[in-house]
Amino acid sequence: MMNYFPDEVLEHVFDFVTSHRDRNAVSLVCKLWYRVERFSRQRVFIGNCYAISPERLIARFPGVKALTLKGKPHFADFNLVPQDWGGYVQPWIEALARSRIGLEELRLKRMVVSDESLDVLSRSFTNFKSLVLVSCEGFTTDGLAAIAANCWFLRELDLQENEIEEKKNDWLGCFPDSCTSLVSLNFACLKEVNLAALERLVARNPNLKSLKLNGAVTLEALQRILMRAPQLVDLGTGSFVLDRDPNDSETYKKLRATILQCRSIRNLSGFLKVTPRCLPAIYPICLNLTYLNLSYAAGIHGSELIKLIRLCGKLQRLWILDCIEDKGLEVVASTCKDLQELRVFPSDPFGAGHTAVTETGLVAISSGCPKLNSLLYLCQQMTNAALIAVAKNCPNFIRFRLCIRDPAKPDPVTMQPLDEGFGAIVQSSKRLRRLSLSGLLTDRVLLYIGKYAEQLEMLSIAFAGESDKGMLYVLNGCKKLRKLEIRDSPFGDMALLRDVGKYETMRSLWMSSCDVTLGGCKTLAKKMPRLNVEIINENDQIKFAHEDSQKVEKMYLYRTLVWPRDDAPEFVWTLEKLLFTPGVLLEDQWSSLTN
Amino acid sequence: MGITSEQHSSASSIDSSSDPCAAAATSSSSFCPPIQGNNSARIDLSTDLRLGLSISSSYYNDLFPTPTTTTRVQPLSWPPIRSILRSAHLDKALDHKQSSLFIKIYMEGIPIGRKLNLFAQDGYDSLITTIAHMFPTTILCPGADRVHSDKYHVLTYEDKEGDWMMVGDVPWEMFLNNVKRLKITRADRC
């Protein structure tokens, strides 16, 4: 029946299909739908920039307006991927610039971005509106200056946790006076800023809803900025420091009054430096907050922190340091009844002292906050009993990441592995999509995961398992698995090679400090034409190339239609194939490759 | 396989009387600061902590000797938190918020230089290895017999005082505090 509708009707119907997975599914129905979908697709998500080439993207989706690209593997966040591994955005920007694509939004994660890329980006797309860079590197404030100066309709510039070299230029001052369209600005990861230019910018951008400042923005400047932007919904403070008694300070009094005018703030973060006595100024905001991020606020702890939390009755997402301690988590549990997401980070990652949160805090949260569905918890220890209780109290986990500070630490009460505890979590949370394991774990937990975690898409394994069987339980059982990352676990060639077809159903597999050998990896690479098998070999092992029995320190494999990548550095070896036909692109591969 | 808390604290306590030289030696740095007395030992340890280098890898080594693999321990890869968050808290005491230290490095005869992140290296060995990937030459290790030849190169650096020095004479942490840029010079010029 749908075949009798004109294309415009189909297109209109497809407009309601927004998720990229659904659109991929739509495109597989028939040739007509494929064609209409292809020309009308505006938002494209590419989970691995090496899975496909920019030319193919442009050929298939000439109407693309918003592109998301991800580069380095996740473990790059933890320094496991060497500098210069890759993930360059330059070829993408160059190809898009050469084409007639009217790019408006670009979102990059873990990619290497150069000033030149930013410059070309800023000058090639007249309607460019939004740039979001997450955990990227390779650029300086010169690149930011180009974006500011040339993107006349910029709405969003969001820099999250990037490594940016700061030059002595005033990039913020490069926004022209005619720039009045900003909605979101985040430069919290920079150290410096031109305060005067910032204040003028905020004053002329009345649609600004999200503003995240850096440590160079003083309390005085914050007050002036908030005066100009009472409409903010999302605020990241900079330096919340006063060098005198707040009661004696005009600035502080003004700040309190100004904050009372900011009735729309629902998300609060920052406090990179803080004088705790100034915190009462933000108490009025706390009542309506739904997201509070204090993961950089090492200066807020103890009773000050508790006082703050007690006011946040509507909180849905909380990111906090472990100086909150178990007692503080009990306060969270009794106050934040709507809590859905909790992340607890270590305030002292390499310290000799105890980590202040344990299983007690987590159990308290689970019993007070039954809506909890997303957890990241770095703690000192965990017990099976606690995990079983958490599983019972909170059956709605979508993301569950637990990291016990000592790798491979058992349940301290029973000295048993934590298999049963994690088993309870995967059995009770039927919608679990992401899981990170830690503590002492045998193959048993992997058996449970393979058996129960039917919706699992991403799994991180560290210092776990006993044999190849463990890895096989996961590969055989988790049908929806997309990303598997394993470090320091005893899985070898037998597990790697048992079901090579599985890897084409996944985005990527990372294995480091495991037992896979060079020979095993070579075999895999030869068998699978559409997988890129990379060996990352930083130690200068000259003999390495000839000894197939040699264990591989780091292996990263991913499905791709572009093999080999031509920008791999010397220490990344892309293993050879027997047969490769790059020209053949089956349409159903697109959806699998870009998910 | 459980690690007791006593082992844990002796491996990584800043205030313990455990030998900081031993802590430094288990990292790949082969240059150990001489112990001149308790005070300088503490300073060395706090420098280590601030730079997040030697202490973290020794912590890891003592805590979990890898039985199955014989590979070099990756510093700063555990606990799994991002570098930026990691360094933000490491440095809070000293108000020194740098998670990377990019310096310029030139090779004699090549006009275009490169940039190198010194904080991503964990010692002189790692530095030489990284540089060997970036430039087409053999760099003589510090301490090796000097060969006066134009085929080999040595690594030199400019320090805070503007002087050009041979890389490798001082402890790694001290080098990091003083280096401004690097240069690969022909061995026969030294």
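This is a predicted model: local features need pLDDT of at least 70, side-chain atom pairs count only at pLDDT 80 or more; totals for chains, interfaces and linings use all residues.

Colleague: Is Ser184(A) buried or exposed?

Modeller: The idea is to compare relative accessibility with a cut-off, and buried means under 20%. Ser184(A) has 9% relative accessibility, so this serine counts as buried.

Colleague: Which residues does Ser184(A) touch?

Modeller: Leaving out residues up to four places away in sequence, Ser184(A) touches Arg155(A), Glu156(A), Leu157(A), Leu208(A) and Ser210(A).

Colleague: Okay, helix pairs next. At what angle do the axes of H12 and H13 of chain A cross?

Modeller: Helix H12 (residues 302–310) and helix H13 (residues 325–335) of chain A have axes that come within 9 Å and cross at roughly 10°. Angles under 35 degrees count as roughly parallel, and H12(A) and H13(A) are therefore roughly parallel to each other. On the H12(A) side the contact is made by Ile306(A), Ile309(A) and Arg310(A), and on the H13(A) side by Gly328(A), Val331(A), Val332(A) and Thr335(A). Sorted by class, that contact has four nonpolar, two polar and one charged residues.

Colleague: What about nonpolar cores: how many residues does the largest one have?

Modeller: A core is a set of buried nonpolar residues joined through side-chain atoms. The largest here has 182 residues, and Phe400(A) and Ile449(A) have the most contacts inside it. Helix H9 of chain A, residues 219–228, gives the most to this core, with five residues.

Colleague: And which residues does Ile449(A) touch?

Modeller: Again skipping residues up to four places away in sequence, the partners of Ile449(A) are Val426(A), Leu435(A), Leu437(A), Leu456(A), Leu459(A), Val474(A) and Cys478(A). There's also a second, separate core of 23 residues, which includes Tyr124(B), Leu127(B), Tyr157(B) and Val179(B).

Colleague: Last one: where in chain A does UniProt place the F-box domain?

Modeller: The UniProt record, an unreviewed entry, places "domain: F-box" at residues 5–46 of chain A. In the model, that stretch is 62% helix and 10% strand, with its end C-alpha atoms 31 Å apart.

Definitions and conventions: Residues are numbered from 1 along each chain as its sequence is written. Chains are lettered from A and ligands numbered from 1 in the order in which they are written. Side-chain values use heavy atoms; hydrogens and water are left out. Axes are lines fitted to C-alpha atoms, for helices over the stretch in contact, and angles run from 0 to 180 degrees between N-to-C directions. Helices (H or I, at least four residues) and strands (E, at least two) are DSSP runs, numbered from the N terminus. Angles under 35 degrees count as roughly parallel, over 145 as roughly antiparallel, 65 to 115 as roughly perpendicular and the rest as oblique. Contact means heavy atoms within 4.5 Å. Ala, Val, Leu, Ile, Met, Phe, Trp, Tyr, Cys and Pro count as nonpolar, Asp, Glu, Lys and Arg as charged, and the others, Gly among them, as polar. A nonpolar core is a set of buried Ala, Val, Leu, Ile, Met, Phe, Trp, Tyr and Cys residues joined through side-chain atoms within 4.5 Å. Buried means under 20% relative accessible area, exposed over 50%, partly exposed in between (1.4 Å probe, protein chains only). UniProt positions are given in the numbering used here, feature names are shortened, and annotations may be inferred rather than shown by experiment.
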